[in-house]
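Visitor: I am new to this structure and would be grateful for a close look at one part of it, namely the rings and their surroundings. Please set that part in the context of the chain as you proceed.

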Amino acid sequence: MNYNNQPAYQGYGQPPAPPPPQQDQQGGFNHLTQTFNQLNVGERWNSITHRFQHPHPGQQYQQPPPPPPRQEEPGEVICGPLLRYIDIDYTTRQWRGSILVVSTDQFAPPIEVHLTAKNAQKTTTTIRPPAERLDTYRNKYHFWRYDLRMTLLDVGQVATYSTTHQNWAEPSFNLHLPAYHESMRFMFYSCNGFSDVPQEVKDKFGEKTAPLWQDVLDRHDVLPLHVLLGGGDQLYQDRLIKEEFMKPWVEEKDPAKRLAMNISTSMAEGFEEFYFTNYCINFGFKDCPVVAKAFATIPSMNMWDDHDIIDGYGSYPADMQRAECFQVLFANACRFYYLFQQHTTVELAPNHGMIRGSLSTCNHLISTLGPDIGFISVDCRGERTKHDICKPTTYDTIFELLQTMMPKTVKHLLVLTGVPLIYPRLTLFENLMDGAAGFNLATIAGKTGALGDIIGGQLNKWNGDPELLDDMNDHWTAGNHEVERKNFIERLQMYARDRSIRVSFLGGDVHCCGAGKLYSKDMKEKEEGDPYFMVQIISSAIVNVPPPQALLTVLNQNSSFITFNGNTEERMYNLFKRSPNGNTRQNKKLMGMRNYCAGYYDEETGKINFWIQAEKEVGVKGTMGYLVDVPRLLFGQAGYHLYHQNKKELLNDIAHSYHPQPPSQPYYGGEPQRQPEHSHLHRLQNAFGGFMMPQANN
């Protein structure tokens, strides 16, 4: 693990800055640029001239003939286009995703996609993705979902898509596809919006200019990203409580009457209008053009958290969660989350690449970011209660599907959980907060110094509890979630040990950045061979304001190592020796600067490099990068086999083993299927069966 951020590189990619800097002015940044040469975007495989002239049945996406043109004037586009990535089918080498457009068009506006290979021939293919209407808002705005399937080649491609209606914010948009054997460059972010803060604070942090999203797009222009990983709070619904239709709830001071309140028609309609409008504002080109441009050019994989619903949803008492107000609120939040962020509905989610939990409102993501990186995004809201983040049957489903949905080329598994799994303990706050509602908060503030600055006078607007209490109940390290957290991590430890796959965690929510780790005490200097070595990347927020420095100081002081179980410990890294402006820091574990994280798989070393890009100056475009590189895992016979196999040969074998399956039973290449004896199938049995030692000529 290399977490030494000296010299302080700018981080992932290099923003364009005319005129080009002179060689002697680049310093350490020039060295960083050289480390990306191994990626060789668009040029790395130019020497390979073999193309798939004769694809297997189903390998090339078969689209229906275009419908006859309709005589209709182009409608108004209120949101979109929005891109979503679902998965890659390695048997057909098909990239699967979707485009969402919300418009007044009565019929699906035609979309054309032109795929151009990044090779000397610049080969171009045109596809016209089929569309379906998912939903209609108040008989006016239609949600058009376009099923996008593109065949990956042995070189990267640029997909340029447009509509003949010519009513988008820009004439066309581009997205980048990797070669079939390359893993994706990704960007992880969270907390894409402001909570209930004064307008002058939003102006100071650049609400209209979105400086960190501008930084993302600048770096994307230099080193294109393939996917955005939304870690929760992709928008904030906090101002809901201040809407006019919420007055009956806000003005009712009797808790019992609040819970028993019947929702009026105007209040129910108010919920629907609020959630629809807030998505259009936050995802649309009219109000958030920079963010909308990112969502139209880099496909997303999103998972919701509490602010996509309301602050703290799922961690309130059961009687409040059952109140009619909360039921109607959640129904609307759920409807528009699945439409805008997942391009589906609750009913259709399993058909559109999601994994159903114990409730229909709970759906997880299991996919890959190319052949080397597996990806899980756990839905920690859809079935959450104050005592359970996910149900035991949900974990069983996830681990069962891991066996079949991960191709055997996967070497790293990223697990996204919204709230970080590894984070300084909040025990001190929990003990104080549990009894705070019954005391004068000013008295507590007077007795606790810096802690009082954090909690003094802050009460939750939904139930009157201290404001931080729902946030603390949300944490995996909270007392009521400790057993669930321990069981989840231990199952991941066994998975890492059995498969020799390095497991890393992604988390946001906490409005600061940092990195933590689990590790074996007797393997501190042998991380590459430790299956229990797991790194937590914490990246939050890309838009929202940082927490009070006093809170980060208390957390920093309360972040010594903790025994997880037996021989395993957990602790935070001293990652931030200097601030982005170059000043030395006292708090080296957590940094309250807005940020995002960009990463990629290093083919030469087997590492994943995570760059935490932190804002240099509040409200001004420009970030400084902090590197956390996570080593590969070489453990046992599985590890030996994984790093001695020929990845391209194995991917070819998976493609050759393709036999058409019913749509409800896709084959991901994760388990061997009974086939006639052929040499490539024999290699597949070795890869999928018991990790047999390869022969010397393999």
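This is a predicted model: local features need pLDDT of at least 70, side-chain atom pairs count only at pLDDT 80 or more; totals for chains, interfaces and linings use all residues.

Consider the contacts between residues at least 6 apart in sequence: 75% of them join residues at least 24 apart.

A search of the whole structure gives 34 aromatic pairs. One of these is formed by Tyr395 and Phe488: the pair is tilted, with 45° between the planes and 5.1 Å from centre to centre. Tyr395 belongs to helix 11 and Phe488 to helix 16, so this pair ties together parts of the chain that are 93 residues apart in sequence. Tyr395 counts as buried, because its relative accessibility is 6% and the limit for that class is under 20%. Phe488 has a relative accessibility of 3% and therefore counts as buried too.

Helix 11 covers residues 392-405 and helix 16 covers residues 482-499; they pack at an angle of about 10°, and their axes are 12 Å apart. Because of that angle, helix 11 is roughly parallel to helix 16, the limit for this description being under 35 degrees. On the side of helix 11, the contact is made by Tyr395, Asp396, Phe399, Leu402 and Gln403. Helix 16 contributes Glu484, Phe488, Arg491, Leu492, Tyr495 and Arg499. Sorted by class, the residues in this contact are six nonpolar, one polar and four charged.

Elsewhere, ring pairs build up a cluster. Its members are Tyr137, Tyr141, Phe143, Tyr189, Trp213, Phe276, Tyr279, Phe283, Phe295, Phe336 and Phe340.

Tyr313 is placed in the loop between strand 11 (300-302) and helix 9 (318-321). Although it lies in a loop, Tyr313 counts as buried, with a relative accessibility of 7%. Beyond its neighbours within four places in sequence, the residues in contact with Tyr313 are Asp306, Gln321, Phe326, Phe330, Arg381 and Arg384. For Phe330, which is 17 residues from Tyr313 along the chain, the separation of the C-alpha atoms is 8.8 Å.

Lys204 and Val620 are 416 residues apart along the chain, yet 9.4 Å separates their C-alpha atoms. With neighbours within four places in sequence left aside, Lys204 is in contact with Val618 and Gly619.

Finally, some features of the backbone complete the tour. The peptide bond between Gly80 and Pro81 is cis, with omega about 5°; Pro81 is situated in strand 1 (residues 77-89). Another cis bond leads from Ser540 to Ala541, where omega is near 0°, and Ala541 is located in the loop between strand 18 (534-538) and helix 17 (549-557). Arg93 has a phi of about 55° and is found in the loop between strand 1 and strand 2 (94-103); its relative accessible area is 4%, so Arg93 is buried. Asp509, with a phi of about 75°, sits in the loop between strand 16 (502-507) and strand 17 (513-520). Asp509 is likewise buried, because its relative accessible area is 14%.

Definitions and conventions: Residues are numbered from 1 along each chain as its sequence is written. Side-chain values use heavy atoms; hydrogens and water are left out. Axes are lines fitted to C-alpha atoms, for helices over the stretch in contact, and angles run from 0 to 180 degrees between N-to-C directions. Helices (H or I, at least four residues) and strands (E, at least two) are DSSP runs, numbered from the N terminus. Angles under 35 degrees count as roughly parallel, over 145 as roughly antiparallel, 65 to 115 as roughly perpendicular and the rest as oblique. Contact means heavy atoms within 4.5 Å. Ala, Val, Leu, Ile, Met, Phe, Trp, Tyr, Cys and Pro count as nonpolar, Asp, Glu, Lys and Arg as charged, and the others, Gly among them, as polar. Rings of Phe, Tyr and Trp (its six-membered ring) pair if their centres lie within 6.5 Å; planes under 30 degrees apart count as stacked, over 60 as edge-to-face and the rest as tilted. Buried means under 20% relative accessible area, exposed over 50%, partly exposed in between (1.4 Å probe, protein chains only).
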